[in-house]
Amino acid sequence: MTTKVADYVLDRIREWGVHRVFAYPGDGINGLLGAFDRADGDPEFIQPRHEEMGAFMACAHAKFTGEVGCCMATSGPGAVHLLNGLYDAKLDHQPVVAIVGQQKRTAQGAHYQQEIALEHLFADVSEFVQVCMHPGQVRHVIDRAFKTALTMRGVATIIIPEDIQEEKAQPSPPKEHGSVFSSVGWSKPRMLPDENELRRAADVLNQGEKVAILIGQGAAEAAPEVVEAAELLGAGVAKALLGREVLPDDLPFVTGPIGLLGTKPSDEMMQNCDTLFMIGTSFPYSEWLPDEGQARGVEIDIDGRMIGIRYPMDAHLVGDSRETLKALIPLLERKTDRSWREKIEKDVRTWSRTLDDRAAQHFGGEVNPQAVAHELSPRLPDGCILTADSGSATNWWARHLKLRSGMRASLSGTLATMGPGVPYAIGAKFAYPDRPVIAFVGDGAFQMNGMNEMITVKRYLDRLAGGRPPLIFCVLNNQDLNQVTWEQRAMAGDPKFEGSQSIPDFPYAQYAELVGLRGIYCEKPDEVGTAWDQALASDLPVVLEFKVDRKIAPIPPHIMYEQGKKAAKAALHDPETVGMGVRGFRQKLSEFYEKLPGRDSE
């Protein structure tokens with residue numbers, strides 16, 4: 001039988017290591033659908049409920065495996081639906097290849113049904129985008145897409161018209177002028193900065209007396225080196241959210257996340273340091289970094305375009321984090337004065353007790369959302385994978401879940417979009433079926449698109465259940481788009497606007513049972529731990545619904561004057577003023593209580 005272009009496409013991406021494509025059907029990819037049927041499950045066609053979810057799953061695959069994630073959609077509307085998930089991959093620097101159908105070549109330019117200028121549509125989100133206009137072109141377009149996605153750590157888009165899919169494949173184009181011959185293969189480069197810049201960086205770090213380290217996902221392969229550098233420099237290590245999994249939280253000098261969702265120890269370290277050492281992070285929020293002129297700076301980043309654009313740096317080390325640290329460490333001097341490190345470790349212990357106190361507070365018999373994460377933390381299974389959506393639930397996920405060595409965690413970091421928590425978890429479970437996977441999701445994000453993906457979980461139940469470690473979707477039900485509600489109060493000075501912020505109540509646990517999964521509902525504070533025990537012991541994927549208190553504010557590490565002023569103004573007319581005040585006062589009070597003399601020795 002003659003091999004069609006569509007069959008060759010699947011053969012070629014399989015050579016590139018793709019064995020799973022997250023895709024939704026449509027007549028714009030009919031030829032490719034037939035090829036999937038003939039491929040006998042390799043690559044496997046995984047059908048989500050929406051193309052956006054497929055793109056999120058492909059991004060999750062890239063994040064958790066380090067491989068290229070692959071998604072596919074039909075022409076026109078299907079292609080449009082991919083964009084949000086692809087932008088998530090672009091902004092978090094993940095290699096994803098999108099394969100998209102297009103109308104037949106003879107129809108293009110005729111304002112035909114579902115005809116969209118896909119090259120323009122995908123131009124901004126893609127590092128590489130190309131339409132295949134001839135069977136002999138397909139080979140090098142696929143190869144260049146994968147090489148570009150891996151090299152640039154971004155999105156590459158391949159557009160294949162319907163008629164091209166059905167034509168006879170040309171695995172080896174005719175050897176004539178204009179033909180291009182390409183190969184499968186890529187290797188990760190070793191990138192090292194200039195030796196003079198390394199010495200300059202070492203001088204800055206050796207002269208610093210109060211060194212603060214901030215790491216991101218770019219330090220993922222350099223954990224031992226980061227620890228060694230921190231030990232030599234007597235430094236604490238704060239983590240951007242995308243760098244949560246780089247170092248475990250049980251290291252005494254790890255201060256946890258930074259920023260609005262961050263910890264008090266991270267914030268105090270940044271406010272008081274005299275030297276900032278950023279490794280593999282493009283954390284953008286200047287208000288949570290040292291004031292300009294307060295600290296000298298050293299930065300390691302593999303992308304020279306991003307070096308020194310978050311904080312003024314004295315040494316700019318363009319290179320791979322691990323290799324650069326290996327070259328830098330022999331130049332560092334161990335600091336004999338450990339008072340800075342001792343203060344950081346004391347602050348971490350104090351903060352841990354503050355979180356204990358805050359999570360233990362309950363008001364009016366409602367479940368404290370902090371307690372949901374706090375009760376899970378000591379129960380986290382070894383080797384688990386944690387995902388989070390965007391919303392107030394992210395605060396508790398970031399602060400209260402203490403990662404141990406071997407655990408993985410991610411979320412939509414830079415795009416910070418609603419919606420990826422559930423598909424990230426599903427993508428992770430397909431990649432690692434024998435690892436526990438737990439998603440933290442607000443009811444707003446779950447209503448937006450997460451609920452439909454429970455149908456996807458049911459469809460692939462034989463792959464995701466049956467004695468395998470748990471797959472849990474934790475939904476915090478507060479009938480409020482809570483993060484935006486608090487942002488309206490603190491950033492705009494406006495009270496909660498019920499018309500935009502309130503969302504309908506819905507029985508999420510019952511919905512899971514209807515779909516054929518396990519549903520667990522908890523509305524009592526003293527039953528939170530038991531609910532987690534039941535979910536973690538379940539043979540079926542679980543929707544674990546907690547009815548939580550929406551009036552507990554995600555209090556930032558420090559309240560800036562303008563935000564406090566606006567929040568106070570908003571409170572004058574807010575429908576939830578009284579409850580907010582009581583909860584906010586008691587939550588903040590716990591922070592001062594833990595700083596009382598003698599508490600650190602308890």
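**Loops, salt bridges and helices**

Modeller: His111 lies in the loop between strand 4 and helix 5 (118–121). The model is predicted, and the values below are computed from it.

Biologist: Is His111 buried or exposed?
Modeller: Phi of His111 is near 55°, a positive value in a residue other than glycine. A residue counts as exposed over 50% relative accessible area. His111 has 79% relative accessibility, so the residue is exposed.

Biologist: What is phi of His93, near which value?
Modeller: His93 sits in the loop between helix 4 (77–91) and strand 4 (96–102). With a relative accessible area of 36%, His93 is partly exposed. Phi is positive in this residue, which is other than glycine, and lies near 60°.

Biologist: Which residue forms a salt bridge with Glu15?
Modeller: The two partners are three residues apart in helix 1 (residues 5–15), so about one helical turn separates Glu15 from Arg12. An α-helix has 3.6 residues a turn, so residues three or four places apart point the same way. Arg12 counts as buried, at 8% relative accessibility. The closest N and O atoms are 3.5 Å apart, and the partner of Glu15 is Arg12.

Biologist: How many residues apart are Arg14 and Asp42?
Modeller: Their side chains meet in a salt bridge, with 3.8 Å from N to O. This pair links distant parts of the chain, with Arg14 in helix 1 and Asp42 in the loop between helix 2 (30–38) and strand 2 (44–46); the separation is 28 residues.

Biologist: Which residue does a cis peptide bond join to Asp42?
Modeller: Asp42 is partly exposed at 26% relative accessibility. Omega of the cis bond is about 5°, and the residue is Pro43.

Biologist: What distance separates the closest N and O atoms of Asp505 and Lys547?
Modeller: Asp505 lies in the loop between helix 20 (498–501) and helix 21 (508–515) and Lys547 in strand 18 (residues 542–547), so the pair ties together parts 42 residues apart in sequence. Asp505 is partly exposed with a relative accessible area of 42%, and Lys547 is partly exposed at 21%. The two form a salt bridge, and the N and O atoms are 3.1 Å apart.

Biologist: At what angle do helix 9 and helix 11 pack?
Modeller: Glu225, Val226 and Ala229 in helix 9 meet Arg322, Leu325 and Lys326 in helix 11. The residues of this contact divide into three nonpolar, no polar and three charged. The crossing is left-handed. Helix 9 (residues 223–233) and helix 11 (residues 321–328) have axes 9 Å apart, and the angle is about 35°.

Biologist: How many of the residues of helix 3 are buried?
Modeller: Helix 3 (residues 51–65) reaches 21 Å from its first C-alpha to its last, close to the 21 Å expected at 1.5 Å a residue. Just after helix 3, Gly66 takes a positive phi of about 80°. Helix 3 is mostly covered, and its buried residues are 14 of 15.

Biologist: How far apart in space are Ile555 and Thr263, C-alpha to C-alpha?
Modeller: Ile555 is placed in the loop between strand 18 and helix 23 (561–571). At 9% relative accessibility, Ile555 counts as buried. Ile555 and Thr263 are 292 residues apart in sequence, and their distance in space is 9.8 Å.

How values were computed: Residues are numbered from 1 along each chain as its sequence is written. This is a predicted model: local features need pLDDT of at least 70, side-chain atom pairs count only at pLDDT 80 or more; totals for chains, interfaces and linings use all residues. Side-chain values use heavy atoms; hydrogens and water are left out. Axes are lines fitted to C-alpha atoms, for helices over the stretch in contact, and angles run from 0 to 180 degrees between N-to-C directions. Helices (H or I, at least four residues) and strands (E, at least two) are DSSP runs, numbered from the N terminus. A crossing is left-handed if the near helix is turned anticlockwise from the far one by less than a right angle, and right-handed if clockwise. Contact means heavy atoms within 4.5 Å. Ala, Val, Leu, Ile, Met, Phe, Trp, Tyr, Cys and Pro count as nonpolar, Asp, Glu, Lys and Arg as charged, and the others, Gly among them, as polar. A salt bridge is a side-chain nitrogen of Lys or Arg within 4 Å of a carboxyl oxygen of Asp or Glu. Buried means under 20% relative accessible area, exposed over 50%, partly exposed in between (1.4 Å probe, protein chains only). The expected span of a helix is 1.5 Å times one less than its number of residues.
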